[in-house]
Amino acid sequence: MQTTYTAAAYAAMDDDDRTIMLETIRPLDMRAEAAAILTQGEDVEIHTVDGVTILWIPEALRAGCCTNGDTLWTDATSPEDAARRYVNDEMIA
């Protein structure tokens, strides 16, 4: 599953609509990170790969990964690469 959030759409919304848009992101710290990244003008994608929720930043080749609890960040070439790194404990800070 993939959901894309664009910085342009985020900037055009009022606070209530931004809150509603980001409510689909379950880990709360990931939701806050997504809001911060969108505010900086970068697009983000939310993926679910093998039970791992991934906040993917395509322009930066960075991903936040979470199953339960805190989001862990890594360099990754794709959301699938991020999930593999997370599952295999190969995260790159």
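The buried residues of helix 4 (79-87) pack against strand 2, strand 3, strand 4 and strand 5. Those residues are P79, D81, A82, A83, R85 and Y86, where buried means under 20% relative accessible area, exposed means over 50%, and partly exposed covers what lies in between (1.4 Å probe, protein chains only). Contact, here and below, means heavy atoms within 4.5 Å. Helices (H or I, at least four residues) and strands (E, at least two) are DSSP runs, numbered from the N terminus. This is a predicted model, in which local features need pLDDT of at least 70 and side-chain atom pairs count only at pLDDT 80 or more, while totals for chains, interfaces and linings use all residues. Residues are numbered from 1 along each chain as its sequence is written, and side-chain values use heavy atoms, with hydrogens and water left out.

Five strands make up an open sheet with antiparallel pairing, in the order 1-2-3-4-5; two strands pair if DSSP finds at least two bridges between them. At the edges are strand 1 (2-5) and strand 5 (72-75), each of which pairs on one side only. On average, neighbouring strands are turned by 20° against each other, direction ignored. Angles such as this one run from 0 to 180 degrees between N-to-C directions, with axes being lines fitted to C-alpha atoms, for helices over the stretch in contact.

Now follow strand 4 along its two neighbours. Strand 3 (residues 52-57) and strand 4 (residues 62-66) run antiparallel and are joined by five bridges. Here W56 has A63 as its bridge partner, and I57 is partnered by R62. Towards the other neighbour, four bridges pair strand 4 with strand 5 in the antiparallel sense. On that side A63 stands opposite T74, and the bridge partner of G64 is W73. How many of the five residues of strand 4 are buried? Five of the five are, so the strand is mostly covered. Both of its faces are covered, with R62, G64 and C66 buried on one side and A63 and C65 buried on the other.

The side chain of R62 reaches the backbone oxygen of I92 at 3.5 Å. This is a polar contact, a pair of N or O atoms within 3.5 Å; within protein, one must be able to donate a hydrogen and the other to accept it, and residues adjacent in sequence count only if both atoms are side-chain atoms. Beyond its neighbours within four places in sequence, R62 is in contact with L55, W56, I57, W73, T74, D75, A76, I92 and A93.

The turns hold a few backbone details. The hairpin of strand 3 and strand 4 has four residues between the strands, and in it L61 takes a positive phi near 50°, although L61 is a residue other than glycine. L61 is partly exposed, with a relative accessible area of 43%. In the hairpin of strand 4 and strand 5, with five residues between the strands, G69 has a positive phi near 100°. Past helix 4 comes D89, which is not a glycine and yet has a positive phi of about 55°. D89 counts as exposed because its relative accessibility is 68%.

A11 lies in helix 1 (residues 7-12) and counts as exposed at 55% relative accessibility. D16 and N88 are 72 residues apart in sequence and 38 Å apart in space, C-alpha to C-alpha. R18 lies over the face of Y10, at 4.7 Å from the ring centre; a charge sits over a ring if NZ of Lys or CZ of Arg is within 6 Å of the ring centre and within 35 degrees of the ring normal.
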